[in-house]
There are 2 protein chains.
Amino acid sequence: MKRDWLKELYPLFYPDSIAVVGASRDEEKFGSRFLKALLTVGFPGRLYPVNPSYREVSGLKAYPNLRAIPDPVDYVIIAVPATNIMEVIADCAAKKVKAVHMFTAGFRETGLAQGREMEKTILKMAREGGFHLVGPNCIGIYSARNTMPLGAIPHLAEPGGVAILSQSGGHAEHIYDEGMARGLRFSKIVSFGNALDLGATDFLEYLEQDEDTALVGAYLEGIEDGGRFLHVLRRVSSRKPVIIWKWGKTPAGATAASSHTGALTASPAVWSAALRQGGALEVESLEELTDTLLAFQGLPKLKGQGIAMAVVAGLTDGGGGASVSAADALMAQGLAVPTFLPQTQKKLREILPPVGTILHNPLDLGGRGGDVKLLKPALALALAEPQCQALLLHMRLDGLLHYLSLATVHAIADLILEARRTGKPVVVVSTTGSREAERQEIEKKLTSAGIAVYPTLDRAARALARVTGYWKHDRRRSS
Amino acid sequence: MKRDWLKELYPLFYPDSIAVVGASRDEEKFGSRFLKALLTVGFPGRLYPVNPSYREVSGLKAYPNLRAIPDPVDYVIIAVPATNIMEVIADCAAKKVKAVHMFTAGFRETGLAQGREMEKTILKMAREGGFHLVGPNCIGIYSARNTMPLGAIPHLAEPGGVAILSQSGGHAEHIYDEGMARGLRFSKIVSFGNALDLGATDFLEYLEQDEDTALVGAYLEGIEDGGRFLHVLRRVSSRKPVIIWKWGKTPAGATAASSHTGALTASPAVWSAALRQGGALEVESLEELTDTLLAFQGLPKLKGQGIAMAVVAGLTDGGGGASVSAADALMAQGLAVPTFLPQTQKKLREILPPVGTILHNPLDLGGRGGDVKLLKPALALALAEPQCQALLLHMRLDGLLHYLSLATVHAIADLILEARRTGKPVVVVSTTGSREAERQEIEKKLTSAGIAVYPTLDRAARALARVTGYWKHDRRRSS
């Protein structure tokens, strides 16, 4: 019988009350930081600092141990050194808590036999106590709907459909920070560290059932239960895109990974083949993970490889390098840049001058790219092209701001937002330069409207190609 | 006999006087923009607006044509439509000017026979008139030492040893903007467009002789004189690194390139082989061009592949993902991450706690990464490793600023600047996130001290590997 993960992991993602063991008045301690973050974001349930040295922490009554708390406790964050852990776990059992997040490190990852032994004992106690564990050696659970922050980070991102699984706490934070800055909207984030009790496969099955999650990104170091993982992955990825960044692609990394976990990590090639078989999209870096998640979040099921491009990179480059290398970048990723239909080119010629522009595809407006009156119908024509599934707009703010006012560039951004109302998706490349404050202002406008913005053409092309490739593959499977 | 390019092109890079044909009171016209930029940066020579419709432009006396200017004119910027060009070229000859930059477009790049015919006539007139041409269809010459700005961009970068050749004006601007933001220091920049008179090979020979230039970056679309180009490239690249981004790597791009220029562009594979033979480093995008130039600008001749790494990415990731994937990224590029010597590890153990840190290489300070007192001796130990030629420091400002004050992060940046005094180079990876203003503040501190900063590990690793690979190759050739 299939496990009801939604019910089983409910106390992890939707606890009514949280106790933080190790919270203190020393703000540098992680226990204090976790509690502070929960208070800052406004966690709506009850909060209990646990520390025998204080009667009060952060304005809340503190308890010497979990057993002393008069009310039921759903979820416990443990942030005391490993030397004190057994007593706390015993208290969790005695208190009949429902879920435990162990931030505490110093177990199997030390490579010492003692660490592994301690883990075994803890797992046994948890099973007997009837509660699930996240960790040890991790920053735990982020739950948008339950206002639970990521570890000690004292703010919440916009809620949305992207779930993250990460074996590394640092990477979970990094994906969160970068994702939030670029407009990713998160449902759940799980940093699960040593995966003593719950691991990647369990959380993946949970996310399959979680209605808030449309899309899963994962950073994995190793999988103990390779067979079950692949079985689950195949099922989940047929319903929701799963994008995986797997550590250990170099020989040295693979050796380390192999000594760390099971057979599936023995060779990067085997891993890649398995992920492909499992229907996952494999990426090679944290940036590519974020890039790909953004593309899937922002784009519908694209039915073809054709992309219309418009280059509004600067005003001195009509007919020049930017549009040419843009087409190169797209085609290198297997996307198509179909020449606009003759009637489209004819209409473009009617509104745009012939010198200093390119009117097929990429559409390069050159010196006229700052003319909002021309840009509007030109973008509409590009978006109407039947062979093109999406519009990629290449903006270079430095190039524009040398010649145009910031207000004009805002008007261009508004046009982009408006262009999306045609129903076709728009993706933007906005390259870095010396006008970073203005760039962020414009990008913020675009990303908060749900448009995926990329810092380079190559990264945009690669992410777009992932989306078109995924849905093409999907169609093949279902036909 | 070898041409004395320094003498021959002196009037292009060091004119005493510049006339701008087409400057007007309409600020939107490029002629006006070029003149304005020259005035804004403070070009030290004489400036003459040329326009029959005005007696004065931008506070300067305007002349109806070049012949009417009473004093000699070294350099002419032509920014009038192609229809008026012949008269202006004739005036250049009559006035005996020494160099001409043709911004004017609408010649061979239109694909019409007429455009090519006009170019032939112009070239003939220039040869007979004894002056050199840059362009047409380009933004011309940037000359740091002579206070000449890039086209219409009204500011100058810090002067330095990096020269840029670009067939595209837009790309020249983009390389300049991004390079300046990231700390590239330029000697000369040439946007040469259609290369009617002077082309890539000529300018490469000039830069070989130019003492201000230590390093050349180029964006090329095609080369007419393949044999001579390769011959010159081989010679120049044995003295100064030459980094080339060549357009037309996809089949469609190659076809376009082939119809545009000569045999050498017929196939991307042939081009790549030729560039390799010529000793150039080939890059695949504008970002990689900037990345590679930064690495060569900031690093000495590295004598080996060994890199020491320190991860100060956040405070929740000791022993975790960031340092592991960092090592992966370096090794994937063929760099080495040699384990620190036992005595180094011993010394590190004396100053750093064992839990939550990794003390071999990469050095991961985990929760102690914000402790400047520990970081200082730890970095010194990493830099002292004899097998390591450089230190790559991975900072994630979001990760740090969740836990540390901006002042502490500044203190870390100061430590990095100080660490360089050991004589070994330091390269920094600083990833984007939600604290962009602070990130730029810190990065500015590092880049203005000449440290190369990269937005991702992969890009840093790739750029570093280009430098170590180049000098290894170089040593092989000379041994």
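Residues are numbered from 1 along each chain as its sequence is written, and chains are lettered from A and ligands numbered from 1 in the order in which they are written. Local features need pLDDT of at least 70, side-chain atom pairs count only at pLDDT 80 or more, totals for chains, interfaces and linings use all residues, and side-chain values use heavy atoms, with hydrogens and water left out.

**View 1. Confidence along chain A.** The mean pLDDT (the predictor's confidence in each residue, from 0 to 100) of chain A is 88. A score of at least 70 is reached by 92% of the residues. Residues 255-264 of chain A fall below 50, and this stretch makes 16 contacts (heavy atoms within 4.5 Å) beyond near neighbours in sequence. Residues 475-479 of chain A are also below 50, with 4 such contacts. Where pLDDT is low, the predicted coordinates should not be read in detail. For the complex, the predictor gives an ipTM of 0.80 and a pTM of 0.87.

**View 2. The two-fold relation of the chains.**

**View 3. Strand S14 of chain B.** Of its 6 residues, 6 are buried (under 20% relative accessible area, with exposed over 50% and partly exposed in between; 1.4 Å probe, protein chains only). Ile307(B), Met309(B) and Val311(B) point one way. Ala308(B), Ala310(B) and Val312(B) point the other way.

**View 4. Strands paired with S14(B).** S16(B), residues 390-395, runs parallel to S14(B) and is joined to it by 6 bridges (pairing needs at least two DSSP bridges). Here Ala308(B) is partnered by Leu391(B). S15(B), residues 363-364, also pairs in the parallel sense, over 2 bridges. There Val311(B) is partnered by Asp364(B).

**View 5. The surroundings of Gly183(A).** Gly183(A) lies in the loop between helix H6 (169-182) and strand S10 (186-191) of chain A. Gly183(A) counts as buried because its relative accessibility is 14%. Beyond four places in sequence, Gly183(A) touches Leu294(A), Gln297(A) and Thr447(A). Glu158(A) is 25 residues away in sequence and 8.1 Å away, C-alpha to C-alpha.

Note on methods: Helices (H or I, at least four residues) and strands (E, at least two) are DSSP runs, numbered from the N terminus.
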